[in-house]
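Work through the exercises below with the model open. Try each task before reading its solution.

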Amino acid sequence: MALALQTFSTVKDANAALKSAGTRYLGGGTLVLRAANEGDVSVSSLIRATEPSLSAITVSGSDVRIGASVTMAAIARHPDLAPLAHAARAVGGPAIRNMATVGGNLFAPAPYGDFTVALLALDATVSIDGGEMPIETFLAERESNHAIVTAVGFTLQVDGGFRFLKVSRVKPKGVSVLSIAAMLEQAPDGTVSSARIGLGCMADRPMRAKAAEKALLGRKLTSSGIAPALAAAGDGSAPITDPIASAWYRNEVLPVHLGRLLLA
Amino acid sequence: MAKVPVQFTLNGAEKAEFIDSGTTLLHALRDKIGDTSPKGGCHQGTCGACSVIIDGELRLSCLTLAETCNGAAITTTSGLSKGGVLHPLQRAFLDAFATQCGFCTPGMIMAAKVLLDQTPNPSRDEVVEALSGNICRCTGYEPIIQAVLTAARSNSQNAA
Amino acid sequence: MAIRRGRGVAAINYPTGMNLGGDPTQALVHSTPTGNFMVTLSSVDLGQGMKQIMAQICAETIGVPTDRVVVDTADTDTGPHCMGTFASRGTHRAGNAVIQAAREARQVMLEVAAEELEVNASDLETDGQGNILVKGAPQRSISIFDVALSAHFKRGRSISGRGMFLIPRSYPEKETGAMKPSTCYAHACTVAEVEVDDETGEVTVLTVKNVFEIGRALNPKMVEQQLVGGSWMGISHALYETTEPYYPNRDHGGTDFNQYLMPGPGDLAQTEIIVLERPSADGPYGAKGPGEMCANPQIPAVANAVFDAVGVRIDTLPITPERILRALKAQAGAPN
Amino acid sequence: MELRKDYFADQRKDDLHEIGQPRPRSDSPGHVTGKTAYFADRNFPGMLHLKMVRSPHHHARISSIDISEAEKYPGVVKVLTAKDVPHNVYTILILIQIGPEDETVLADGKVRWKGEAVVAVLAETERAAQEAAAKVKVDYEVLPAVFDMEEALKPGAPIVNEYHGQNYYLYDSGECRKVRFGDVEAGFAGADHILEQTYQSSPIEHAPTETTGCIVAPEGNDRFTCYTNTQAMFFTLDNASIILQMPGNKLHFVGGTVGGGFGGKVDVIVEPIAILGAKLTGRPVSFIYSRAEEMQISSPRAAEKVVIKDGVMKDGRIVARKVTGYTDAGAYSRHSPYGAQKGAGHYPGPYTIPNVWIDTYCVYTNRTPSSAMRGFGVTIGDFALEVQMDKLARLIGMDPLEFRFINAYRDGDMKAHRQPTEGAALIECMQEASRAANWPVAEKFMAMSSYAKGA
């Protein structure tokens, strides 16, 4: 069967159509059309929705909502999302960033999905089928998801605390050896009062470094202060092996790069 | 097979075709419309040879469905020279000996054009970033970077 | 963390053409009625600029400007046999064939001019601008345009020539390996300077200084293209490229340009190219084949520089961060 | 780039008009305007698309192939198997009498590498060809595979390619190409130091931006025009003529404008089967490698293993060098017997060494067939030689650049393959590198010349 695209003006109608066998949701095209071009014959019908809210970025105070069809380029250039620009620019090259969407990034298998690593550190919620769920829950179950993601939401402090690092072999556009996002809050004495760390490529999908987060609490961001967190950085991880790097290598350099990010 | 209408401007000229639904813009441009300047180097979004400009943004035509481009203004490298006069980027690529096999060249020029449209006086790092989605296997990139920087300089001189 | 610097050197030579010969290339040259010249080949331009270089060689030999020459190549209905574009043979083999064909055509051209000017052909020379002059009396001249018209419409001559270049095949002697491979060798010496991150094994090539001896730079800008691109590819081979990253496990081979690694435009070493020309005895205007060898010396130079920086030898290509890091850990763990 | 005209000025006439001039490239205007026509820029009405069903196993017997569902699939016009190919077992260098024929166009009874072509599907659209290819059923009986050259050379190893009968190419000199010069064992016996080291490499892909492919159009007169990006027009035409048992005058090849080759487009892989498809269907046929095929199916540069044993004196002279080179051809010869032999002619590198022993092997394994690439037969050898040179210099406490001057070849020096050196320029390259890199060497080295001693 040839590929065919159906366009719906509402998410509701698109969701209904998505229930047919062989259908996939078409976001920016960087995942689904690639698969189709490469001969993935399981895709026969493409669905998309043009509801305007999917392409909207709304910022009210520190609350941010990004529609699932918003592209990486749109995030990177949005003045209220400046702390995230670096993470958005970590995805692909310029053309890919004009196409790749937030919604698609949530489904991107490792080594892709760098922006989702950032969303994990931000403890985002994923809006889907009229409801919301924590991003961690969404990621754990994403294969069984058959409804359109409509948006992600999170709280973004303009005064900082968010850090992001992508390590790649090829510069400036290379896929990840690993990526790290950290959302840190520090008490007036400099000790860490809250920490969330997202890791990319340390499992088949972005994951939280919870042991490291815990080990940072109450510690200062000095070499000795972060040492326990670095020692625990890879706890619970199962890094991928791919042409870019082996699981062994990713494990070995994760503490090095996490240390550099925390001390930067 | 279901045919769907597509209508857009290509390098300023109106184009209207009936195509198979699910046809990529790359195939529509090359096979239906006859503009073979975008090249199919990977059909994966990893080489940049198919780059075109859609409504001012750099896009990969291999990962874009033609039917999603209705009403758009599309620019390809074949439309850059006007009245037989080369675009400054094209001239700069010639003068810098920035083409060898030439297969990546149309995509490189598209990426460079969007950069210079948005950032007339880019730094070297900005040029490198702008070209980063485009693979070249012949030149080692340096002549291409130099060509883009030269084109930017000649643009700003012309504007002055 | 420590970023450690090192430098390394390598020197190489490289044969031009199929190493044991037996690889023919033919060329045909003829003039149009108005004195333009058509070179007909079946050789392939891979992007290295074969068409342009053959035009310059033909133009030099006939004595006309390059823009008077058109190269028609790679149509088997019209082009005579060429073994192909590989083994650094294109310029050397096809170039020699074009010279031979162009010389023959030039001779006819001069004979026709001699008839028009009522002198001996041996008394004529070309000015490189499209005219034929009587030696020592340049006021007596005729344009090649007029010579071609005369040849075609008045004198019934075909200003044309055939060229063939073949180095006879050498068969190695079974027991001693005595053989006669190419005698036309290009040379290079490269010094590379690197930084190695000893916590991650990442290598940054800071500079490469390449000296290439290539016989003759037929078109210096095109030579530069080859050498700069080749130098980049050499570094790429040294540090990045493999289709089987975990051999003997054959899984995880890259299938796209994201996975198959090569240096990006943000990874470029500061590259210096110096060219020497020692004309080869059998090359067209002394040219050797630089296309392949220019990508070779960077590989060992980078390998040696990595050792100079961090004291570990990686004798398996590519020299990946993982291989360096494993070697550094083994070195640290080894008893002193 | 800097042209240093002061070197070898006595050997060169620089009074030329067109040679040596940086003329603009005649092809660049086409490149920058997108007008240059590559093979795939031609489009023919009614063109079919060819997709290949490939082996998922490294080594297996084919017990059955069922194409019935694929043949019935909507849009499919023709499905080809080995029995459709007139002369299915071929080898490209047969044109220069380097046999035996050892490779199948479409697998017949056995596959010898993961990715080997088994069934060709021709359909109205790429999509239909892909979908129909998924309907082809091939039953395999998996066989033990060998991926390591030294394992492959051991007695009892699985035989990769029955057309050879053993896992190495049999030269007239035996299991390897040999070079013997002087007395290498005597050289080792008299050396101050011996260093034996092993170097290895991985297969490398050419990765041109334009993938390998061709489009074949029937001319309507029993001739077929093949638009191709082959690097060798007649080489490909003549091999296609043999494989298809078609007179060469029925074939017309058009090419010569190629989106990068680097040696990756000399294998005669896509053209014969596409011409066959066009002949059997009477329709134009396009067979263009996907990027994934280009990366993993097209021949890479061979993996190599090079063992170098050197005898060196404290004063820096290398007195003996023994090189054993192994070239991993993968499952089929393609150009590898030639490449391994080229290595034998290249060693011991650009150095004058009195005692040399070289063995180069072309070995068959169940890896992807390798073939030519930029620097074929030499690139990996140079890596090994020049790292070895660095190790030797450090071993005797000598500057690595000065060490090379001591051993550098010069005009008239006898090479190991018994040809005198001509036109050497290694010394001058090193002198210039010494200056450019600010890597000083002793004055006596800067005063050296490649010209024959005493000349």
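## Exercise 1: the fold of chain B

Task: count the helices and strands of chain B and give their order.

Solution. Chain B holds 5 helices and 5 strands. Here helices (H or I, at least four residues) and strands (E, at least two) are DSSP runs, numbered from the N terminus. Read from the N terminus, the order in chain B is β-β-α-β-β-β-α-α-α-α.

This is a predicted model, where local features need pLDDT of at least 70, side-chain atom pairs count only at pLDDT 80 or more, and totals for chains, interfaces and linings use all residues. Residues are numbered from 1 along each chain as its sequence is written, while chains are lettered from A and ligands numbered from 1 in the order in which they are written.

## Exercise 2: the packing of chain B

Task: decide why chain B counts as compact as a globular protein of its length.

Solution. Start with the radius of gyration, taken over C-alpha atoms; the globule rule is 2.2 Å times the number of residues to the power 0.38. For 160 residues the rule gives 15 Å, and chain B has 16 Å, which is close, so chain B is as compact as a globular protein of that length. Next, the box: along the principal axes, the C-alpha atoms of chain B fill roughly 50 × 35 × 25 Å. Then burial: 62% of the 160 residues in chain B are buried (20 or more other C-beta atoms within 10 Å of the residue's own, with C-beta atoms placed from the backbone).

## Exercise 3: chain D against chain C

Task: describe the contact of chain D with chain C.

Solution. Chain D gives 95 residues and chain C gives 101 residues. Two residues are in contact if their C-beta atoms, placed from the backbone, lie within 7 Å. On the chain D side, helix H12 (residues 426-436) supplies the largest share, 7 residues.

Now look at strands. Strand S11 (residues 270-276) of chain C pairs with strand S1 (residues 2-3) of chain D, in the parallel sense, over 2 bridges. Pairing requires at least two DSSP bridges between the strands. C:Ile274 stands opposite D:Glu2 in S1(D).

## Exercise 4: the domains of chain D

Task: which residue ranges make up domain 1 and domain 2 of chain D?

Solution. Domain 1 covers 48-142 + 210-296, and domain 2 covers 177-203 + 300-446. These bounds come from an automatic or database domain assignment. Over C-alpha atoms, the centres of the two domains of chain D are 39 Å apart.

Definitions and conventions:
A residue is buried if 20 or more other C-beta atoms lie within 10 Å of its own, exposed if 12 or fewer, and partly exposed in between; C-beta atoms are placed from the backbone.
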